[in-house]
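Dear colleague,

Please find below the structure that I am handing over to you.

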Amino acid sequence: MKKISIIAGKELRGYLYSPMAYIIFSVFLVLTGWYFGSYLRQIDYNNTTIQGFLTIAGPCLLAFAAIITMRSLSEEKKMGTWELLLTSPVSDTDVVLGKFVAGLGLMIVLLILTMYYPLLLYILGGAPDAGPIWASYLGLLLLGSAAIAIGIFFSSLTNNQIISVVVSGGTLAALWGMGYAIIYIPKGFQQVVSFISFKSNFNNFNIGIIDTRSVIYYLGITVLFLYLAVRSLETGRWN
Amino acid sequence: MEQNKTGEKNSLIKVRHLTKYYGKRLAVDNISFDIGKGEIVGLLGPNAAGKSTTMRILTGFMMPTKGDTFIADCNMVSNSLEGRKHIGYMPESVPLYTDMTVRDYLDFFARLRGVPRDRARKRINEVVTLCSLEEYVDTVIGKLSRGYKQRVGLAQAIVHEPEVLILDEPTVGIDPIQVSQTRNLIKELGKEHTILLSTHILPEVTMTCNRVIIIHKGKIVAEDRMENLSAITKGSRRLRVEVKGPTDQIIRRLQRIDGVRKVSKEGNYLMVESPINIDPRGQITETIVKSGWTLLSIDSVEMSLEDIFLQLTTKEENPQ
């Protein structure tokens with residue numbers, strides 16, 4: 001635990017000292033803010049909801065995850081510093097979890113900043129339904145942690161950040177995008193695709209339903225890819 | 001655990017039948033050696049001899065294809081996490097987090113290796129003093145020169161006070177003054193640590209180590225204490241002398257000097273060979289001057305590593 005927090009702390013400090021985090025935070029907040037506001041205008045302010053924010057939050061969060069994880073392990077490989085990490089008395093699992101916790105921490109800060117949207121609705125006297133809002137945030141948290149795990153896994157495979165961000169971004173886009181494709185595919189497959197699509201699993205949270213299957217699905221993906229990242233580090237030792 | 005099976009009780013580093021293949025390429029070929037507490041041992045060999053691979057396996061960064069390595073009696077394959085606590089390691093590339101300050105970098109590795117926060121703070125002050133980094137402790141590493149980066153790499157290796165130091169080519173790529181400073185520092189560290197360092201420079205071993213293991217193409221071709229290295233290399237010191245005067249007569253006179261083994265003519269120069277522990281330069285100069293000839297120059301020609309390998313490897317290939 002202690003080792004994980006030492007690695008996560010170093011990682012988080014790295015995020016805060018580099019301009020990257022601030023740039024993505026700004027872009028994320030501008031984009032989601034724009035959607036949040038324009039949706040309310042569209043429905044003539046007849047309802048107080050954060051649906052506008054949620055329509056764009058998913059894809060934006062995936063992009064965020066792909067970008068912040070692209071250097072997590074690939075940069076260590078490229079700089080050779082992983083040779084020091086992996087020869088310190090720290091297990092490979094601790095290294096991967098340290099990276100993961102840092103990414104998750106940064107994402108939680110980002111999500112807390114977006115709570116400005118529902119807060120605004122309260123302050124301006126609306127009475128937004130709290131249930132779907134909390135459910136959506138849980139959904140975002142789960143979606144984001146799965147995406148960060150996937151990003152860390154791909155980052156562990158290469159010493160090239162660009163390859164890492166392109167491959168993990170592509171994978172995440174495919175996992176999200178297949179949710180749009182459901183209507184075009186044969187009935188038999190629809191069930192399967194909606195089960196593995198990031199988008200379909202996320203939609204339930206938006207309307208306030210916490211579906212256990214979706215929770216387990218996102219957690220399962222998170223654990224699976226973190227495990228694969230650990231295995232990828234281990235395999236590297238034997239080659 | 002079958003520890004100390006060999007009976008060498010004080011070995012901090014033990015290597016047994018270590019073999020490593022990269023795919024089909026054999027990098028390390030069945031090597032075994034021991035390093036005792038307090039020794040400074042040089043792992044000498046040309047590029048691609050298997051030095052870095054051996055070190056990477058010793059530090060637990062890589063797993064061997066066959067064989068075992070032990071650090072402080074911990075098997076580095078089955079019990080690597082425990083063994084790593086005893087190691088300080090500086091890889092050849094001197095990896096650094098260039099966006100961190102020296103202090104943050106050292107603090108990170110100290111804490112990661114289990115040094116408590118307060119102790120780490122004190123210890124960082126000690127190591128920056130030892131490595132002459134006081135001025136730069138709050139500088140971002142990326143802004144330091146190559147020589148200082150090397151020192152940060154060394155400081156990182158000792159910050160958690162490990163018993164064993166493994167230094168891969170610690171003086172490559174830094175300027176001559178820094179090289180000699182680094183060598184002195186290593187000697188200083190040798191008082192408290194057991195050190196294995198790799199190099200492809202023969203004089204480096206002569207200057208810093210008490211024992212040498214020479215590897216070539218993944219095999220140990222020679223292993224001995226420094227004093228005996230001369231036996232391995234047939235112990236020659238070669239001097240190149242340039243004299244104005246009657247050549248044949250000069251050769252005859254020089255051969256009569258104590259410790260001179262052989263004098264031969266090579267172009268305009270005379271090559272004088274002597275055992276490595278005897279320095280006949282003084283007598284050569286005296287003889288030439290007394291005889292009324294003119295000594296133009298006298299240089300020591302280092303027995304190159306290539307010469308040594310040539311001798312060692314040809315010896316092996318022709319077992320007569």
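This is a predicted model: local features need pLDDT of at least 70, side-chain atom pairs count only at pLDDT 80 or more; totals for chains, interfaces and linings use all residues.

Residues are numbered from 1 along each chain as its sequence is written, and chains are lettered from A and ligands numbered from 1 in the order in which they are written.

**Chain B overall**

Chain B has 11 helices and 14 strands; these elements are DSSP runs numbered from the N terminus, helices being H or I with at least four residues and strands E with at least two. Of the 320 residues in chain B, 42% are buried. Here a residue is buried if 20 or more other C-beta atoms lie within 10 Å of its own, exposed if 12 or fewer, and partly exposed in between, with C-beta atoms placed from the backbone. Among the contacts in chain B with a separation of 6 or more, 66% are between residues 24 or more positions apart. Two residues are in contact if their C-beta atoms, placed from the backbone, lie within 7 Å.

The domain assignment of chain B gives domain 1 (11-231) and domain 2 (236-302), the bounds coming from an automatic or database domain assignment. The centres of domain 1 and domain 2 of chain B, taken over C-alpha atoms, are separated by 41 Å.

**The sheet of chain B**

An open sheet in chain B is formed by 6 strands in the order β6-β7-β8-β3-β9-β10, with mixed pairing. Two strands pair if DSSP finds at least two bridges between them. At the edges stand β6 (87-90) and β10 (219-225) of chain B, each with a single partner strand, so one side of each is left without a neighbour in the sheet. Direction ignored, neighbouring strands of this sheet are turned by 15 degrees against each other on average. Axes are lines fitted to C-alpha atoms, for helices over the stretch in contact, and angles run from 0 to 180 degrees between N-to-C directions.

Leu167(B) in β7(B) is the bridge partner of Met90(B). Helix α5 (residues 146-158) of chain B lies across β6 and β7 of chain B, at about 165 degrees to β6(B).

How many residues of strand β9 (residues 211-216) of chain B are buried? The count is 6 of its 6 residues. Arg211(B), Ile213(B) and Ile215(B) are buried on one side of β9(B), and Val212(B), Ile214(B) and His216(B) on the other. With β3 (residues 40-44) of chain B, β9(B) pairs in the parallel sense over 4 bridges, and Leu43(B) stands opposite Ile213(B). With β10(B), β9(B) runs antiparallel over 6 bridges, Arg225(B) in β10(B) being the bridge partner of Arg211(B). The hairpin of β9(B) and β10(B) has 2 residues between the strands, and Lys217(B) takes a positive phi near 50 degrees there.

**Val128 of chain B**

Val128(B) is placed in helix α4 (residues 117-130) of chain B. With 21 other C-beta atoms within 10 Å, Val128(B) is buried. Leaving aside neighbours within four places in sequence, Val128(B) is in contact with Val102(B), Leu133(B), Glu134(B), Val137(B) and Ala155(B).

**Where the chains meet**

Between the chains, 22 residues of chain B are in contact with 19 residues of chain A. On the side of chain B that touches chain A, the elements giving two or more residues are α2 (80-84), β6 and α3 (102-112) of chain B. The most comes from α3(B), with 4 residues. The residues of this side of chain B divide into 12 nonpolar, 5 polar and 5 charged. Ala, Val, Leu, Ile, Met, Phe, Trp, Tyr, Cys and Pro count as nonpolar, Asp, Glu, Lys and Arg as charged, and the others, Gly among them, as polar.

**Chain A**

Helix α12 (residues 212-238) of chain A has 27 residues, which at 1.5 Å a residue should span 39 Å, and its end C-alpha atoms are 39 Å apart, in agreement. The expected span is 1.5 Å times one less than the number of residues. The buried residues of α12(A) include Tyr218(A), Ile221(A), Phe225(A) and Leu226(A). Among the elements that cover the buried residues of α12(A) are α6 (92-114), α8 (130-157) and α11 (198-206) of chain A.

Pro118(A) lies in helix α7 (residues 116-123) of chain A and is buried, with 22 other C-beta atoms within 10 Å. Not counting residues up to four places away in sequence, Pro118(A) touches Ile50(A), Pro128(A) and Ile133(A).

With kind regards
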